[in-house]
Every structure is written in C-alpha cells, then in structure tokens.
Amino acid sequence: MSLQYTPSPGAVSDAHWTAVFLSTRDAGARVPIDFITHPGVHLTQACFSHGIYDDIPAQTCISDLLASNFGRIVVDLYWDNINRQFNLCPVELPPLAGNSTAGYSVDFSELSSITATTSSAADPTVPLTAPTAQPLVKRQSGVSNATTPVTTTPPISSSASAAPIPTTTGVSGTELLELGPYKCSLDLNLDSIISLYGDYFEQTSDTISAYLQYLTLNLHAASPFTAPSDAANTPMQARLPHGNSLIGAQFQNNLPETLYTPDQLQDDREDLKKSWFRNNFASSTDTNYFTVDHGSDGTSTQDGWPGETWILLNSHRRLLLSWGKIDPQMSAYDFQTDASNVFPSDYLETKHKVSVNDEGDVVSGCFYDPEVTKIGAQNSSGAYTAITENYSSQILQHLVQNLTACGISPMLNVTLGTSTVQDNLDLYQQFARSTVFGWASGEPRNASQIRANQKRANDEEKNYACAVLDSTSGYMGRWRVEQCQKQHRVACRIADEPYAWRLSTFEVDYESAPDSCPESTTFALPRTGLENTYLYRKIMNDLRSGVDDSILSGIWIDFNSLDQTDCWVSGGPNASCPYTGSEDSEDQRQVLIPTIAALIVLILTVLTLLVKCNENRRKSRTRRRGDDGWEYEGVPS
C-alpha cells in the first residue's frame, strides 16, 4: 500500500512555530550538518507500542512526526522470508495472494512446512522446495469500524488440520491479521515508508518548508507466523534481497533526487571547489568545523560535511540513510553493495553517554568546557543520547533543552505517557519544540504582537526587530526581540572560532553593532545550542569578573527581521530577507526541484514573460536573489 504524507491539522506548524523553525534552520545553515542537533524518535515506540500495525494510523503517525519537525527517525524493518520483503510487522505474513488487504484463511500444517524450509539456514546451494500449500483465500467482508476480532471460516482443503488466521478490523476498515501479540496489515512494508517520504518531500519542496531528514534502519528477521512469539530464524542467504531489491537501492530508485549518499559525500570531499565551494559558494559551509587540505591538486577534506545552505538549498538533497541495529540473523545481508546508498552504523550519529539528575540537569557528558574552544578537542559531531524513561512533562522539557544546549541530539526511545502519537500528539510536539536552542518561549514576537499584548503607543514599539541574548533568571541565555534603538553590548566571535566569544566594551544601538566589536572579532550569531551555551557562559563569567550587570538584560546578537517581518537573517542591520512574496505563492515551490525540471520551468517562465510582459510591468514586484542564484519567495505570516 502506498502511504501519503497526510499530517493531522494539529501537527502542522502555525505561523509562530513556522517562523521559529525556519529562523533556527537558517541560523545554523552554514554549520556542517553533523554539528546540527535534531530531535529523534524510534518509530516503534511512537507509533506501534501497542503492537498494532495498521495502515492509516501508521500513515498519520509518521506524517505527524515529520510535520512536528522530528529530524531523525529510527525504523525497525523485519525481513519476511516467506514473501521476501521488509515489513514493519515483527512477524512473517502468510503467503500473500496478490498482496490484497483483505483477510485470509490458511492451512497451517502446510504453511508451517514452507516456513521451516524457507527459514532454514542449511546449505544455500540446495534448491528450495516445499509442498504445495493451500493458497490464501480472500474473505469477503464489508468495511467496519469495529475493533472486535472477527474469525474467518477455513477454506475447503484436503488437509484436515486447516486452521483459520483470526483477523480484526482496523480503525479505517482494513483487515488486520492477528499474529500472536501483534495485529498486522498485509501491506505495511518498506514500500509504504518510501512512498510516504516521497510524498512528504514533494509537498515540502519549497525553501520555507524544506528540512533535512535522517532515517536510521534497524534490520531484523521476522518471527515465523506459526510461532509469532518465538525468536526469528536465520534466512537462507539465497532468499535475502539483492540488486534493486536492497533497501538503499529501493530508496535510490524511487527518490534519486533527494537522497544524499556516501558516494556523493566522498565525491564532494575530494574537490571542494567543484562541490561546496563552487560558483563562489564558499560561504555555504563554515570550514572552521573541519580540516581542509589545500594541495597542489585542489582543495579537499577528509572529515568535513556540508552545511544545510549547500546540501538543502543548493544541492536539493533531503534524506540521509544509515544502518542502526543489525540482528545476527541478518548478517548475510549484502551491506557491501548497499554501501553506496546507506551510511554505516554510527557514521551519521554516535551514541553519547550522559548522566542526569532527577530535575533533568546534565551532570556529566556535556560538550561545554570553558577551557576548550577548539572543535578538534570538543567534537560533538553526530552526538545523541537516547531517552528511555518516562519523565514528567516539565522535567522532560528541561532535559531536552539541556541536551540541546550541550550539543547533543535527544533521541526518544520510549512511548510518552504510554500513549502513541495518534493518541497524544501534544506530548511529542512538546518534545520536538523543546529542542529549539535559541528563542525563549513565545519568541520571536513581532512589533504588532508586542503592541497588542502591551497596548503601547505605535511610535514606541515600531522597531521590535532585533534579537538579544538575555541572561536574566527569566531567560537563562535564551533569545528575545528588542527595540533596535536600545543600547546593549555586542556579541563578537573571535577569529571565526565557533566557541570563542568576546563582548564589546561599550553599549551601542543595533545599527552600530558591527563596528563596535574589538579587533580580530566580528559581530556574530550563535548558530547551535552549544555555540549559544559558550556565549551565555561567557557573559556569566564576565559578570563574576566584575563587568557591569547590565550585560544580563541583553547582548546584541547578529539576528534581525528589519527587512521583513518574521524573516530573521544574519549579516548585520542591512541584511536582506532571502524570501519575498506570499507564503502561498506557487513560484516558491519551483525552488527545490531537479536540475532538468528547473530548466524546463525556466524555459516556460521565459515564454510566459514574453507573452505577458505588459501585464507583468503593471503588476511587477521586487524579488531578491540568494547566494546560489535561486529566487526565493514566501515568508511565514
């Protein structure tokens, strides 16, 4: 069954959260992607913790996780040795007749023989043989919303030991097979995941909606359906997938323009002038985070990753695959061939050990160290920590914020409040939103919101468009909007080092901020949670060293929406918003598309302009061009 990206209305970000996520993405767009933290979740815990693998609830659950801005999803795939496919259900399905979604009855005595034969780990050179089994017989039934199990009648069979497979009707009327503790759809498989991601990428193909996604694949062998609670057998190597049936190959064949692969990374690293630095695009990635080799044959790197400015907005890649846990039964899978499409385990992410107290404070394992400001010595690349306990909502939010501030991605591996996403979306949304590293709760507010809330005069509030890092007890290093005419000291980065900061020696308004930084420093923006922590701790250390306590109430950071409301940019007070026009403009959806399609669109656009040039003159509007040559449109309202 092909699944579609259909999030529930409550999962879709409103204007405020759209601005929050977009500004946070853009703030860190030049930082290599391996240093960007993302909220992660295990799909089994979030969607299938009750053992029900139903098509439409699964579609809603995965869609809601993506819409809620979960950037890392871990999926458990089970190799069905009978039907030779990867399912989400942990149990092999009986032999499928046409992959229909209706219920079936089978002859268990004959099918158990097939299961035993196909699951054997005997000599793979021996031809696979099995007795002819009674085929699955389709059961006629109407659509029902009942969840009470409905047992089918056994088909007419020559075997006296035929037994029915009980079924139950899912919430959308589909029939689910009852296999031990699980209730499984016949069609919820790898194809379903690929089709849903494909639809998600198509629906979020504009510069405002596009986010990078990581998909971690745990490989398991499915238990036999004749003994669903037993351990899985080791499949014969000859029956394992190969060629275009491999997982990575299927993603590559179906999503060729969105997948960023190990081969592509290697090619990019070998000649940066042809990849991340091409077309004067060197500003797309901050090279202070990795080693760059300037050899006679070109510029390369052994350990670097691109920033999202390049991989997302220039190269238009959206998805990275990696292996996670691999069951011993699946060790014969052809990982070598699939290595061109799927990153090895622990290559994109590294499990990092931390200890926390009962209040959600990180006691040890945080990457912040006041004595270390060099990336090589303080390398948080790909670090994540699994959350496996059901904390209270308040403590969990505090813990997630602290992990993000420490440079660690929080990975949810527990069913929150014993409720799946379908039953309590709000818990999972709170988790994802707690990973926002910069803005304080309710921020960023724009001038009209502040006037409405505080009922002040228009002249007094008209220029709330600049950001400060507030270190008072109510903000604790989070960001808030401030009147740009106010006087504050300035956050200055030392020699482009991500974690080294100084403050200006005097207070200025925002317009004067770039000129107030000391020599060898620049007016800058904290672009990750860890960078923000270093700046916040610098402020607190200066306070203890005798600096005036006025620094607590606000330090200018290089982030403003002066050019356009809700469009937050860095680059000083004269920086331009890269997005213009209406949020619903169709033009913006032509940005993140394959090159060939882009040329076609360009040709059609030129023809349209020639035909309607007079009309366009009368209805012209301003557009701004991004660094990579694309025209960006749309601002969240």
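Which pattern do the disulfides of the protein chain follow, with bonded cysteines counted along the chain? They follow 1-2, 3-4, 5-6, 7-8, 9-10, 11-12, where a disulfide is a pair of cysteine sulfur atoms within 2.5 Å. Before the close-ups, please note that this is a predicted model, in which local features need pLDDT of at least 70 and side-chain atom pairs count only at pLDDT 80 or more, while totals for chains, interfaces and linings use all residues. Residues are numbered from 1 along each chain as its sequence is written, and side-chain values use heavy atoms, with hydrogens and water left out.

**View 1. A disulfide joins Cys 47 and Cys 61.** The count of disulfides comes to 6, and here is one of them, with sulfur atoms 1.9 Å apart. The torsion about its S-S bond is -85 degrees, a left-handed link. Because Cys 47 belongs to helix α2 (residues 43-47) and Cys 61 to helix α3 (residues 55-67), the pair ties together parts that are 14 residues apart in sequence. Helices (H or I, at least four residues) and strands (E, at least two) are DSSP runs, numbered from the N terminus. Cys 47 and Cys 61 are both buried; buried means under 20% relative accessible area, exposed over 50%, and partly exposed in between (1.4 Å probe, protein chains only).

**View 2. Cys 492 is bonded to Cys 517.** The S to S distance is 2.1 Å. This disulfide is left-handed, because the torsion about its S-S bond is about -85 degrees. The pair links distant parts of the chain, 25 residues apart: Cys 492 is in strand β22 and Cys 517 in the loop between β23 and β24 (521-523). Cys 492 is buried at a relative accessible area of 0%, and Cys 517 counts as buried at 14%.

View 3. Cys 567 and Cys 577 are both buried.

**View 4. Strand β3 is covered on both faces.** Look for Arg 72, Val 74, Asp 76, Tyr 78 and Asp 80 on one side, and Ile 73, Val 75, Leu 77 and Trp 79 on the other; all are buried. Since 9 of the 9 residues of β3 are buried, the strand is largely enclosed by the rest of the structure. Two strands pair if DSSP finds at least two bridges between them. β3 pairs with β11 in the parallel sense over 8 bridges, and Tyr 78 stands opposite His 220 in β11. Strand β1 (residues 40-42) also pairs with β3 in the parallel sense, over 3 bridges, with Gly 40 partnered by Arg 72. With β4, the pairing is antiparallel over 3 bridges, and Asp 80 has Gln 85 as its bridge partner. The hairpin of β3 and β4 has 4 residues between the strands, and Arg 84 takes a positive phi near 55 degrees there.

**View 5. Helix α6 (residues 247-254) packs through its buried residues.** These are Ile 247, Gly 248, Ala 249, Gln 250 and Phe 251. Their packing partners are β3 (72-80), β4 (85-87), α5 (190-203), β11 (213-221), β14 (319-326) and α9 (335-338), where contact means heavy atoms within 4.5 Å.

View 6. Rings of Phe, Tyr and Trp (its six-membered ring) pair if their centres lie within 6.5 Å; planes under 30 degrees apart count as stacked, over 60 as edge-to-face and the rest as tilted. Phe 48 and Tyr 53 are stacked, at 4.5 Å centre to centre and 20 degrees between the planes. Tyr 289 and Tyr 499 are instead edge-to-face, at 6.3 Å and 85 degrees. That pair links distant parts of the chain, 210 residues apart. Both Tyr 289 and Tyr 499 belong to one aromatic cluster with Phe 35, Tyr 368 and Tyr 534.
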